[in-house]
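Biologist: I'd like to learn how to read a model like this one, feature by feature. Could you start with a single contact and work outwards?

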Amino acid sequence: MSFLFGSRSSKTFKPKKNIPEGSHQYELLKHAEATLGSGNLRQAVMLPEGEDLNEWIAVNTVDFFNQINMLYGTITEFCTEASCPVMSAGPRYEYHWADGTNIKKPIKCSAPKYIDYLMTWVQDQLDDETLFPSKIGVPFPKNFMSVAKTILKRLFRVYAHIYHQHFDSVMQLQEEAHLNTSFKHFIFFVQEFNLIDRRELAPLQELIEKLGSKDR
């Protein structure tokens, strides 16, 4: 949530995706911010009564994109072609980029290049009115859930890269509380609706277990 971030970290990596004020989705976002403020993240991620699941997932996906955008924006100077020649999350996990349309065969690229591809791709999905309708009454497409799952799976990789390769920089910037709160919110959300395969979460499994056990 944007209120977590101080002005020093208002640098975003990509343009922020805004949910139009006055729209139902904006109301949902405000609801999410209010419940987050209560401090109970498990409760904050639950589908509000009477709301549409697709819309709830859409609003939160946009919000996570904005959060990750800001978190990565604070460390871009440390994530370079030289420091991160491959997109990795620790020594055992390496990601190669493919979007299925422009790049069909996965390519090996540096972390900054990969994250640029990834965030641009997510932005294109969020801006597509046929996938993420912003107008009231416009139905979500049948493939919405599978697209949302792919977006969240890919956004997770940015968290994983930041935690594994740049946590020292995050600590120096005193951003670790922001990062941890944002990631915990993200994980509770994807767990609540079963949106990311366990295998995909493996690079941060220990951290996920730690965050979960603190909250029981």
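This is a predicted model: local features need pLDDT of at least 70, side-chain atom pairs count only at pLDDT 80 or more; totals for chains, interfaces and linings use all residues.

Biologist: Is Arg157 buried or exposed, and which residues is Arg157 in contact with?

Modeller: Burial goes by relative accessible area: buried means under 20%, exposed over 50%, and partly exposed in between (1.4 Å probe, protein chains only). Arg157 counts as buried because its relative accessibility is 10%. Contact means heavy atoms within 4.5 Å. Setting aside neighbours within four places in sequence, Arg157 is in contact with Met87, Tyr95, Tyr114 and Glu200.

Biologist: Where does Arg157 lie?

Modeller: Elements here are DSSP runs numbered from the N terminus: helices are H or I with at least four residues, strands E with at least two. Arg157 lies in helix α5, which covers residues 144–172.

Biologist: How do I read the span of α5?

Modeller: Compare it with the expected span, which is 1.5 Å times one less than the number of residues. With its 29 residues, α5 reaches 39 Å from first C-alpha to last, close to the 42 Å expected. Still, look along the helix: a kink of about 85° is centred on His166. The bend at a residue is the angle between axes fitted to the seven residues ending there and the seven starting there.

Biologist: What comes after α5?

Modeller: Gln174 follows, with a positive phi near 55°, although Gln174 is not a glycine. This residue sits in the loop between α5 and α6, and Gln174 is exposed because its relative accessible area is 63%.

Biologist: And how many residues does α6 have?

Modeller: There are 17 residues in α6, reaching 24 Å from first C-alpha to last, close to the 24 Å expected. Its buried residues include His178, Leu179, Ser182 and Phe183. Just after α6, Asn194 takes a positive phi of about 55°; Asn194, too, is a residue other than glycine. Asn194 is in the loop between α6 and α7 (198–201) and counts as exposed because its relative accessibility is 60%.

Biologist: How should I think about a core?

Modeller: In soluble globular proteins, nonpolar side chains tend to be buried together. A nonpolar core is a set of buried Ala, Val, Leu, Ile, Met, Phe, Trp, Tyr and Cys residues joined through side-chain atoms within 4.5 Å. The largest one here has 67 residues, of which Leu155, Phe156, Tyr159, Phe183, Phe186 and Ile187 touch the most other members. Helices that each supply at least two residues include α1 (24–37), α3 (53–75) and α4 (111–126). The largest share, 13 residues, comes from α5.

Biologist: Which residues does Phe186 contact?

Modeller: Beyond neighbours within four places in sequence, Phe186 is in contact with Phe64, Leu152, Leu155, Phe156, Tyr159 and Ile196. Phe186 lies in helix α6 and is buried, with a relative accessible area of 0%.

Biologist: Finally, which elements have the lowest and highest mean pLDDT?

Modeller: pLDDT is the predictor's confidence in each residue, from 0 to 100. α1 has the lowest mean among the elements, 80, and α5 the highest, 97. The chain has a mean of 89, with 92% of its residues at 70 or more. Over residues 1–9, pLDDT stays under 50.

Note on methods. Residues are numbered from 1 along each chain as its sequence is written. Side-chain values use heavy atoms; hydrogens and water are left out.
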